[in-house]
Amino acid sequence: MPPLTRRETLAGAAVLTLAAGRAEAEAKEATGIVFGLDGAARAPLPNVLVSNGQEVVRTDAQGRYRLPMPGDGTVFVVKPPGYALPRDADNVVRHSYIHQPEGTPHEIGLRYRGVAPTGPLPTSIDFTLTKQDEPEDFDVLLFTDPQPETRHELDHVRDTAVARAMGIPAAFGLTTGDVLFDDLSLYGRSNAIVGRIGIPWYNLPGNHDLNMQAPDARYSRETWKRVFGAPSFAFQHGRALFVLLDNVVWLGPPVPVGGNTYEGRLGERNLALLRNLLAEVPADTLIVLATHIPLQTDATPSGPHNNTADREALLDILRGRKVLAICGHTHTTEHHYLAEGLHHHVLTAVSGSWWSGPDTRTGIPSADSRDGTPNGFHVLSVRGTDYTTRYIPAQGEPDGTMRIAFESQIRSGAPEVVRALRPMEALRPPIPQDALADSLVVVNVFDGGPKTAVTWRVGDGPAEPMVRTRRPDPFVTELFARYPDAKKSWVQAIPSSHVWTARLPADLPPGAHRITVEGSDEYGRPFRSATVLEITRGV
């Protein structure tokens, strides 16, 4: 953790301080004081939550706390409403103290540097928070899976999502994992780039943020802890409690061919942390729970590496609460409603299809996700204890809400057919009248879900409902077939959870017809788009 200067302290940044005295022998208990900084006045701050990653306590009237610390561990302060945590020069929030007396064991041979020896517990682990105005209505930038595999792909993160996000006002930002794609040496540059957005930024680790040389889960987050601090932590903002839980469990090398050596699991410590946090906040608090691996996903392939194994235990803890659970990992966009009051939103990946696709126009891959959503991110808007989210395309998709295509049986998506046609020629073509009965209008509502309603109409005709159909998006099916050398080897179109279809009427006359698609999204907000369908007299 980089040291903070006195100038930063006087400027109002929150400061983490360690008492100069060190215990002569290893202590079994962490203790310290939480201070509040209001202008030039610094005083102990009572009633603030502090945790060791499992137990949660409140500071007393003198701002002091005590927590069990029998061995290696972390201590983090839960930022209360109306206060700010410290940030480094790249706006990475500093929320925790890592206690690892011997540091990362050299003998395990990690490729990327881990935690330096911290020595015995300090006699006092103190946190200083800065007083700030904090409205109950605020916006949050939500990134997931920027996942640059190379320095060149980190350029793409910079020039798409980060550039777009810089124009969106928000109180803070949050990345739900896979900040990088295995090359952990890129953290410094990645943080510097994201930090230029200019707001506090919180980070949660993913499966590609692991130390993969670690023999098991115990030492799989050593580089993460050195760069970011505690992998699981929490903070309050307004009337919301944000809980970020690392649910990627490293099972150890070697990685089997075509397999995974990690699974989605919260584990007893994370579940206990959540349970103890909820016991300390009012019942009407909005809970924003962030994980990397989904609690549940529609994406394929399924299995323990794409779903959270102990989801039911989590749901029991959250029962009766108002919860938005956000995640990434699958590079799809999904909405699930797992229980009353629990909305699970799988966020669009910043990297889309892992930076796959043609780059003929901008030098940046098209990066359309395998379920058809253009790469991008989301904005969470919190209004008291209510919320909405909205999807933001990172590369200026002409229509940021949906894509309308036509699919005719006589123009199948076979690669040899696709490559003989211009892009989209088979998906927005003049359709012969005798092919209408075998043709569909296919609409991908990029951030759609079970509560999204979609209708379509021809000209001024009546609106007809469309049917939500789990199937691949024909656009990305064509894209990946057309540019097989421009994509990562594992990327392919998969069934999407947000595609709607309707069959074209067989009696439409030849000519040009306006097709209007409209509806309402997961929050009841209206959307609308249109395109032209041309019908010819037949072969």
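How are H2 and H3 oriented relative to each other, roughly parallel or roughly perpendicular? Keep in mind that this is a predicted model. The axes of helix H2 (residues 151-165) and helix H3 (residues 187-195) cross at roughly 15°. Angles under 35 degrees count as roughly parallel, and H2 and H3 are therefore roughly parallel to each other.

**The helix pair H2 and H3**

- Two packed helices are described by the angle between their axes and the distance between the axes.
- For H2 and H3 you already have the angle, and their axes come within 10 Å.
- The crossing of this pair, H2 with H3, is right-handed.
- On the H2 side, the contact is made by Arg-151, Leu-154, Asp-155, Arg-158 and Val-162; on the H3 side, Arg-189, Ser-190, Ile-193 and Val-194 take part.
- Sorted by class, the residues where H2 meets H3 are four nonpolar, one polar and four charged.

**The five-stranded sheet**

- Strands of a sheet pair through backbone hydrogen bonds, either parallel or antiparallel.
- Follow the order S13-S12-S11-S22-S23 and you will have traced an open sheet of five strands, whose pairing is mixed.
- At the edges you will find strand S13 (201-204) and strand S23 (386-393), each of which pairs on one side only.
- On average, neighbouring strands of this sheet are turned by 20° against each other, direction ignored.
- Strand S11 (residues 137-143) and strand S22 (residues 376-383) are antiparallel partners, paired over six bridges.
- To spot this pairing, look for Val-140, which stands opposite Leu-380 in S22.
- Here H2 comes back into the picture: H2 packs on this sheet and touches S11, S22 and S23.
- The direction of H2 makes about 180° with that of S11.

**The four-stranded sheet**

- Another open sheet has four strands in the order S5-S4-S7-S9, and its pairing is antiparallel.
- Strand S5 (56-58) and strand S9 (96-99) each have a single partner strand, so one side of each is left without a neighbour in the sheet.
- Neighbouring strands in this sheet are turned by 20° against each other on average, direction ignored.
- Strand S4 (residues 49-51) runs antiparallel to S5, and three bridges join them.
- Val-50 has Val-57 in S5 as its bridge partner.
- Helix H5 (residues 267-278) packs on this sheet, where it touches S4, S5 and strand S7 (73-77).
- The direction of H5 makes about 30° with that of S5.

Definitions and conventions:
Residues are numbered from 1 along each chain as its sequence is written. This is a predicted model: local features need pLDDT of at least 70, side-chain atom pairs count only at pLDDT 80 or more; totals for chains, interfaces and linings use all residues. Side-chain values use heavy atoms; hydrogens and water are left out. Axes are lines fitted to C-alpha atoms, for helices over the stretch in contact, and angles run from 0 to 180 degrees between N-to-C directions. Helices (H or I, at least four residues) and strands (E, at least two) are DSSP runs, numbered from the N terminus. Angles under 35 degrees count as roughly parallel, over 145 as roughly antiparallel, 65 to 115 as roughly perpendicular and the rest as oblique. A crossing is left-handed if the near helix is turned anticlockwise from the far one by less than a right angle, and right-handed if clockwise. Contact means heavy atoms within 4.5 Å. Ala, Val, Leu, Ile, Met, Phe, Trp, Tyr, Cys and Pro count as nonpolar, Asp, Glu, Lys and Arg as charged, and the others, Gly among them, as polar. Two strands pair if DSSP finds at least two bridges between them.
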